[in-house]
Structure formats: C-alpha cells, structure tokens
2 protein chains.
Amino acid sequence: MNEPDFIAALRSLPLHPGARGLMDDCAVLTLGAETLVITHDMMAEGTHFRADADMADVAWKLVATNLSDLAAKGAEPLGVLLGHTLGRDDARFIKGLEEALDAFGTVLLGGDTIAAAGKRALGLTAIGRATALPVPSRSGAGVGDGVWLTGPVGRAMLGFEGHPDHAGAFCRPVPRLAEGQALAGQVTAMMDVSDGLLLDAFRMAEASGVTLALERAAIPVADPEHFEACVRWGDDYELLFTAPPTAALPVAATRIGTVIPRRSEAPLMLDGAPLSDPAKLGYRHG
Amino acid sequence: MNEPDFIAALRSLPLHPGARGLMDDCAVLTLGAETLVITHDMMAEGTHFRADADMADVAWKLVATNLSDLAAKGAEPLGVLLGHTLGRDDARFIKGLEEALDAFGTVLLGGDTIAAAGKRALGLTAIGRATALPVPSRSGAGVGDGVWLTGPVGRAMLGFEGHPDHAGAFCRPVPRLAEGQALAGQVTAMMDVSDGLLLDAFRMAEASGVTLALERAAIPVADPEHFEACVRWGDDYELLFTAPPTAALPVAATRIGTVIPRRSEAPLMLDGAPLSDPAKLGYRHG
C-alpha cells in the first residue's frame, strides 16, 4: 500500500476519540483533570537522513520534529520514549540526544533498543501536557480569521543547500515550544510547518473545510529570489495558525492571509489564484 | 555500541523519575490523580520476524508484546500509537492489527507511517492507566516472598517448532492483562516472561538485590522432556511475580520458588545450584 491508502485503512480500525480521526499531528488524551498530547514520528536512513549524516544531528532532529508537533498543540513536553536501532556512531547519537533534551528542557522516559541489519529506523514518542483547552487542532480555522506564520520559511532549505548562515536551520531545527504555548489559547487552528508552507496550509484548509487565501508579498521567506522553493520546502518548523483578526497575539508573527469560505475545489489560494493540486505544493527531500 | 553499552549511555542522560532508571519494562507517569504506564517496543524484520512471516501475525505480536509490558504493571490499556514502515502485505498487517485491538479491547491513538528501503522496522507505543498503586516494578522482591508464574513456559517454543497444539502461542501470544490487573495490588514485584524464564528471573533478582531460589520440579513447562529449553526460550508472556507466601492470590498461578537473601554473585538458583551467567539463561530466537 502507499501511505494514503495505509492511513485510510488505519482509519477503519477502532480509534480513540483523542486520535482525532488520524487527521492531526498528535493524539489528545483526557485523563481526569489533565490532558495529554502524544505524538510518534519515525526517521529512516535514506528517507529522512543520509547514510553519512552526523548521528548527533539525526538525534536532535528526531527529538525536535516530535516536540514541534507538541508545540503546535501548545503542549509542555513531559518526556520522550526512544525506539533505537543500533548502528554507526551511536555515541554521536547519544550526544545529540542529550543536547536536544537539554535544549528543549525535557527528559527521557524510556523506549527500546534493537539490533537490526540494513538501513536504520528510529522512532520517538513525545508526551506533553496541554497548557490550554481545547487543544488546538488543524480543523478550527474559521471564515474571517487571519492566517499567521511565526517566522520565515526557506531557512532549512538554505541550510540544506550549504548556506553558512542557515546550517543549523536544517540540521538542528528548534521547535517553537514557547510560542505554541503562548498561542494555544488564542488560535482557532494551529500546526507546524514540516512539509512546506503551501502543503501544510492546504492540509489545514482541508481539515477546516475552508479556503486559506494567502498573499504572496506578505509571506516571509528566507530567500526572496527563490520564493516558490521557500514556500514548498519544509523542515522549518515555524507555526502556522489562524486567529480572529483582532486577536492580541502574544508572540511575534506575520499575517500572511485570511480564511475565506471554501471556493469550490480550491482549499488554497495565492494572490487570488487557486492552488488545488497538493502534489505541486510541497516536495520530499533528504 | 552494543545494546548494554547503549542503554548504559542512555542512563547518563536526563531521565524522568518515572523512567525508573531504564531498569523496568515501562515508564510510570503520575499526572494529578492519574498514573499512566507507557511502553515502546520495536520489531525488525530479520531480528524479530522472518521475511516471510504473515504480517497479520507480526501486527498482532507487536501489539501483544507491548500490552504484555502493561499487563506486568497491572495497567489497563488506553490506546496505542503505531510507527509503521510500509512494505509487503500491508493489508494483512492492518487485518492483524484490527484483530489484536479487538481481542485486547484497545484502540489506535495515532502514530506515523513512513516509506523506507530495506528491512522493515515497526514500533508501537502502548499507553495504559495504572489500576493499583504503587505500580509493580521488577525491584520489589523481598526476602521470604514466594515466586510465582501464571502459566507454563515453552509453549511459544513448541509453536515455533511447528507443534500443532501450540501454533498460536508463538504467532499470536496473549498478554495477561486481566491477570496483571488482578495481581497488581498483591505482588511485591512483577514482570512478563518475554526473554526466557531464567533470564527474566535473573533480571528480577538483580533489580531487587536478592536471590530467587527456584525449584525445578515446580516449574510448569509445556514439554518436560525439554525442560532446559522451555525455561530458556521466551515469548510466552506469562507473568512472573513475587508476593508474601500467605498472599491470597486472585488468579491461578504456580509457586516455583522463594526469595532468599542475595547469595554472593548468584542472583538465581535452581534446586540449590547457582546460575550466575546471564548469557546461559536465555537465547535469542527468530
């Protein structure tokens, strides 16, 4: 099966109400007076990192990408469980893991370590505590809301391409945990930009049943000469969110558009032109 | 690094108090009035399942082995997150996943699906709610306690070897969830027997700082003619536990020994003979 078919099949299984129909980045688990936010993301050699990558960077990114999902829910991390396949440069992996846990103020809860032949797969489960209820989802964008972005997109792309000012943006992304917690009570929808601004905005529009009308000139990009690439690359982990236009936002963010009623088959518009084919909105990368 | 070295390095990182020093099967997370029990186990092609295994059985076993860790803590499963690498027979995988979720009364919370080349790695995170406090650990066995086992060992071995009466024991193990919940308030230490009775008993003795003195004639084995293999194979997922000798046990279990003060370097004795080399107590299998 391909990924969409497999996920569609998973949706036919018994789901927890907090699974949000497998449409969101995280599961939300209510337990007494507490609300937990839980996510699990994997990284595989060859797909998500190169065979010669610094394993310290891989460990950092594994933690950062999972915590970015928590950030998009406004959750405070409680800890992570690591699923590790032993291999090359495990000491570097431990080093990067330690640096990431320290940098993001979280701790190891447990996990599993296995030996396996071939390319390595790594998994991380991150568990956080919701700081605002309801926990933001992708599906709450309302007509008339503004659309905001917490920072420029394209920095990870420049880092990947070797630009010295942006090396860390690709290898050592930083989840917007503080921003997510500050915003969680103000937003109508929120997600992290992991797969490209346009593709992720498309997904938010789809989940919310609206159209996001973005303005090209308003979108902050790291490299204006390569605007189209900046808005299609991912890995920047800025937060994309919607909120009432008069919201007093607690963090710096750039308004990049407006939520409008769904325009036929175009969940996304850029300067008034419909963008309806998700295959052209983002792309996979190393 | 090898697995013991890697886990030792992980122990030097910032750990959550509920990580129990990475010495237990699960993490224990206290949240307000609730106590969560969380585990993450992986299975890799070639290491944990054969390249020609029925993927429905693989999915079942992935769920069962994680839920067995919850069973050993007396936890009631709340849901699971799946880390899936796409590949051969994904529809069979979905089928086995559905059957396991139904059989064990739990649901899917979320996860991640990736495409990757080479051998497949699968991960599962299981989250449960503790039903008795303190949550049983491996480290609570006290001198004078009895040592019990909830059922015979060696059935999975016979199933693996093709014995028709035991095929399900290897391919479709059943976590002892009800037994674990019933026992959790009565035991001083508990764990599931996943890596072989002797090796797991050795680990419990090490964690508790005692010696477990087992009696050969008392140990229920599926194939008495191959006693030594039965007590070294694993994958049966019976519960091994200690409790005061006068405890009124709520489930059927066989007393197989007694907890005695630590005898020099022998955490484990069988009919009075010390077994001190963990490398000879269990073995890896397909």
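1. Start with one cross-strand pair. Trp148(B) sits opposite Arg255(B), a residue of β10(B). The strands concerned, β6(B) and β10 (residues 254-261) of chain B, are antiparallel and joined by 4 bridges. Note that this is a predicted model.

2. The other neighbour of this kind for β6 (residues 146-149) of chain B is β9 (residues 239-243) of chain B; the two pair antiparallel over 4 bridges. One residue pair to look up here is Gly146(B), whose bridge partner in β9(B) is Ala243(B).

3. β10(B) also pairs with β8(B). That pairing is antiparallel and has 5 bridges. Within it, Ala213(B) has Thr258(B) of β10(B) as its bridge partner.

4. Now the whole sheet. In what order do the strands of chain B run? The order is β7-β9-β6-β10-β8-β11-β12, in an open sheet of 7 strands with mixed pairing. Its edges are β7 (189-192) and β12 (273-275) of chain B, each of which pairs on one side only. From one strand to the next, the twist averages 25°.

5. Two helices of chain B deserve a check against this sheet. Helix α2 (residues 55-72) of chain B packs on the sheet and touches β7 and β9 of chain B. The direction of helix α2 makes about 170° with that of β7(B). Helix α7 (residues 197-208) of chain B packs on the sheet as well. Its contacts are with β7, β8 (210-214), β9, β11 (268-270) and β12 of chain B. The angle between the directions of helix α7 and β8(B) is about 150°.

6. Turn to chain A and its domains. Chain A is divided into domain 1 (3-130) and domain 2 (146-280). The centres of domain 1 and domain 2 of chain A, taken over C-alpha atoms, are 22 Å apart. Their contact takes 16 residues from domain 1 of chain A and 18 residues from domain 2 of chain A.

7. Which element gives the largest share of the domain 1 side of that contact in chain A? Helix α2 (residues 55-72) of chain A does, with 10 residues.

8. Strand β2 (residues 34-44) of chain A: buried or exposed? The strand is mostly covered, with 10 of its 11 residues buried.

9. β2(A) has two pairings to inspect. With β1 (residues 27-31) of chain A, β2(A) pairs antiparallel over 5 bridges. There, Leu29(A) has Leu36(A) of β2(A) as its bridge partner. The hairpin of β1(A) and β2(A) has 2 residues between the strands, and Gly32(A) in this hairpin takes a positive phi near 60°. With β5 (residues 121-130) of chain A, β2(A) pairs antiparallel over 9 bridges. Ile38(A) stands opposite Ile127(A) of β5(A) in that pairing.

How values were computed. Residues are numbered from 1 along each chain as its sequence is written. Chains are lettered from A and ligands numbered from 1 in the order in which they are written. This is a predicted model: local features need pLDDT of at least 70, side-chain atom pairs count only at pLDDT 80 or more; totals for chains, interfaces and linings use all residues. Domain bounds come from an automatic or database domain assignment. Two residues are in contact if their C-beta atoms, placed from the backbone, lie within 7 Å. Two strands pair if DSSP finds at least two bridges between them. Axes are lines fitted to C-alpha atoms, for helices over the stretch in contact, and angles run from 0 to 180 degrees between N-to-C directions. A residue is buried if 20 or more other C-beta atoms lie within 10 Å of its own, exposed if 12 or fewer, and partly exposed in between; C-beta atoms are placed from the backbone.
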